[in-house]
Amino acid sequence: MSSLDQLRFALHALSFHRLRTGLCLLGIAIGVSAVALLTSLGEGARRYVNTQFKSLGTNLVIVVPGRSETAGTIPGVGGAPNDLTLADARALEREVHQARLVVPISMGSETVANRERHKQVLVLGGTDGFIPARELDLERGENLPEMEWNRSSSVIVLGAELAAELFPGENPLGQKVRVGDRRLRVIGVMADHGQQVGLDIGLMGLVPVATAMSMYDEPGLFRIIIPIRAHADMQSAMDRIEQVLFERHGELDFTVITQDSVAGALGSILGALTLALAGIASISLIVAGIGIMNVMLVTVSERTPEVGLLRALGAERQQVKRLFLWEAALISTVGGALGLLITWGATRALGIYLPNFDASPPGWAVAAALTVSIGVGLIFGVLPANKATRLDPVAALRQ
Amino acid sequence: MIELEGIWRTYQMGEEVLHALAGVDLTVTEGEHVAIMGPSGSGKSTLLNVIGLLDRATKGRYHFDGRDVTDLTDDELSAVRQQSIGFVFQSYHLVARLDAVENVALPMVFAGVPRRERLKRAEAALDAVGLGPRKHHRPAEMSGGQRQRVAIARATVMGPGVLLADEPTGNLDSASGSQVLDLLGNMNREGLTLVVVTHDPAVARRAERVVVLGDGCIAREWQGSDVVSLEQLFGSQAEQSSP
């Protein structure tokens, strides 16, 4: 008996019970698409975070106030005995020769307004080094002026989207905007770089760091970012930064982290999350497999006389078994393919709404979901098939 | 063709031991037409199943077509059934989802006959039972007599030496019943060995030999012209126990 004949026989049997077969297919399809879709989302999130961090440049060291016991995690807020100051930043600039730039950053949220148009955005205090450090560009106008960090100046550089919202159809350069209770002159507009790790560059204002600190009445810095020179050793740079600040503070009340370690930690969290989601989704696949088994058991008892007949016609036990296994395999394979089709459609639809979120299912997830669904079909098909195989032909015919 | 020597078939029913067959000796020669009769529970169907290698004797020896088949493996028995034995059942046992040709072709599927040849032979077999025009009808679209003729075509399509029929006319009216019996009779005349289990003396009368079972043993045998008188002898009892 050729495989083609077995396949044809199984197809015949399945198409005879359309509703039952259809529901079984649906169960498997939902299981497979759940696995594939959830891993796609998880993987997509991981890739998204990765590319976002890559866009910041990899050799970036960040000093944040406060101590975190485990390096590589984002330190908790609060409980910083000593602020990071502009003087600390200056000292780092002077004494850490591996540093390409040292940029002190103060951050807060403010309403930026041009007459009746206004918007609540992040207004970041920095230096002229901020734009090169974050590898940004100016669309027009000028960067913050090079000047003493502890001096205020009533100037602001706007993000592209913010500029467009506040000055529709106008040239914002030279105009005044209200930021909190201050009036600042727009001296530049940054080019549109889209979203960068929690910071929407397009919807952001950049002012001199001292201006921001007095605006927020904040004596300490939010953080200091330090891009390291291309060929310098990251670890020795970090050690040097820690040493300089330790000498100034007398204790380790700050944390030195790298962009890579943050990205790595986030990546592994998302990876674990993806696996957990896939695990939860596989439960639905197993439930679908039990569904197949249930239907196949019903099929076998319904077709007991048929099994008896096939045996009388000279079918061997193994041939009978294979016929039922084919049915289970067909349901799980076709169901799996349907599930992948659903996944493909869903990720495409997602791609339309979130164009820069790549949620195409990872190859391993597709392969795993298909393998598992076929495996589930076969494993849960074996029990009913064995039941059919063990039937006594005489008793089966009499039923 | 069929040689049974001291065949016992014993069932364990809880504490009780039931002898469905208790030492049956039966020889059926090639081309013979034998009817097996007897009241319900006399072991007729068990005997037919043993002859058809669907069931194994508990004790005794069985030679089929000169070969000792008593101790064959399950797969070997399947092969013998496939090649040499045809079955016809009271309830036809057609596969409802398959049309007539596909039902007839079914035994050849397991024998590994290529599909094209299978369908050709199945159509020829259907023509031979007068159902050529109905080859693409499903069982539900056919009368009982037609279904039984499809079943006969299926039982003979592999060219078996023996055809075993268990109450082949049990579900049929007398007109389609005699049509089926005529068909079986013709096949027997062309050399097919025919063993029919029946309650119906009218069916048994067509056989050359009638074997009557009682309590698992052969109680009586009629041969040749004696069979004709059987209806008077057996009539009343057979009437009562027929379904």
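Hi everyone. A word on bookkeeping before we look around. Residues are numbered from 1 along each chain as its sequence is written, while chains are lettered from A and ligands numbered from 1 in the order in which they are written. Since the model is predicted, local features need pLDDT of at least 70 and side-chain atom pairs count only at pLDDT 80 or more, whereas totals for chains, interfaces and linings use all residues.

Let's start with chain B as a whole. Its secondary structure comes to 8 helices and 10 strands. Here helices (H or I, at least four residues) and strands (E, at least two) are DSSP runs, numbered from the N terminus. Chain B has 243 residues, and 49% of them count as buried. By buried I mean that 20 or more other C-beta atoms lie within 10 Å of the residue's own; 12 or fewer is exposed, in between is partly exposed, and the C-beta atoms are placed from the backbone.

How much of the contact in chain B links residues 24 or more positions apart? Such pairs account for 70% of the contacts with a separation of 6 or more. A contact here means that the C-beta atoms of two residues, placed from the backbone, lie within 7 Å.

Now find the open sheet in chain B. Four strands make it up, in the order β2-β1-β4-β5, with antiparallel pairing. Two strands count as paired if DSSP finds at least two bridges between them. At the edges sit β2 (16-28) and β5 (67-68) of chain B, each pairing on one side only. Strand β4 (residues 59-64) of chain B joins β5(B) through 2 bridges, and His63(B) has Asp68(B) as its bridge partner there. Lying across β1 (2-13) and β2 of chain B is helix α1 (residues 44-51) of chain B, which runs at about 60° to β2(B). For angles like that, axes are lines fitted to C-alpha atoms, for helices over the stretch in contact, and the angles run from 0 to 180 degrees between N-to-C directions.

Next, please look at strand β7 (residues 162-166) of chain B. Is it buried or exposed? Of its 5 residues, 5 are buried, so β7(B) is largely enclosed by the rest of the structure. Val162(B), Leu164(B) and Asp166(B) cover one side, with Leu163(B) and Ala165(B) on the other. Its neighbour β6(B) runs parallel to it, joined by 4 bridges. Across that pairing, Val88(B) stands opposite Ala165(B), and Phe87(B) faces Leu164(B). β6(B) has both faces covered as well: Ile85(B) and Phe87(B) are buried on one side, Gly86(B) and Val88(B) on the other. β7(B) also pairs with strand β8 (residues 193-197) of chain B, in the parallel sense over 5 bridges, and there Val162(B) stands opposite Thr193(B).

One backbone detail in chain B: Tyr92(B) has a phi near 65°, a positive value in a residue other than glycine. You'll find Tyr92(B) in the loop between β6 (85-88) and α3 of chain B. With 22 C-beta neighbours inside 10 Å, Tyr92(B) counts as buried.

So where do the chains meet? On the chain B side, 21 residues are in contact with 19 residues of chain A. The elements giving two or more residues to that side are α2 (74-84) and α3 (100-111) of chain B, and α2(B) gives the most, with 6 residues.

Over to chain A, for a pair of helices. Helix α1 (residues 3-16) and helix α10 (residues 317-353) of chain A have axes that come within 9 Å and cross at roughly 65°. α1(A) and α10(A) are therefore roughly perpendicular to each other, a label that covers 65 to 115 degrees, with under 35 roughly parallel, over 145 roughly antiparallel and the rest oblique. Among the residues making this contact are Phe9(A) and Leu14(A) of α1(A), and Trp326(A) and Ile331(A) of α10(A).

Last stop: Glu135(A), in the loop between α4 (130-133) and β4 (138-141) of chain A. Its phi is near 55°, again positive in a residue other than glycine. With 13 C-beta neighbours inside 10 Å, Glu135(A) counts as partly exposed. Thanks, everyone!
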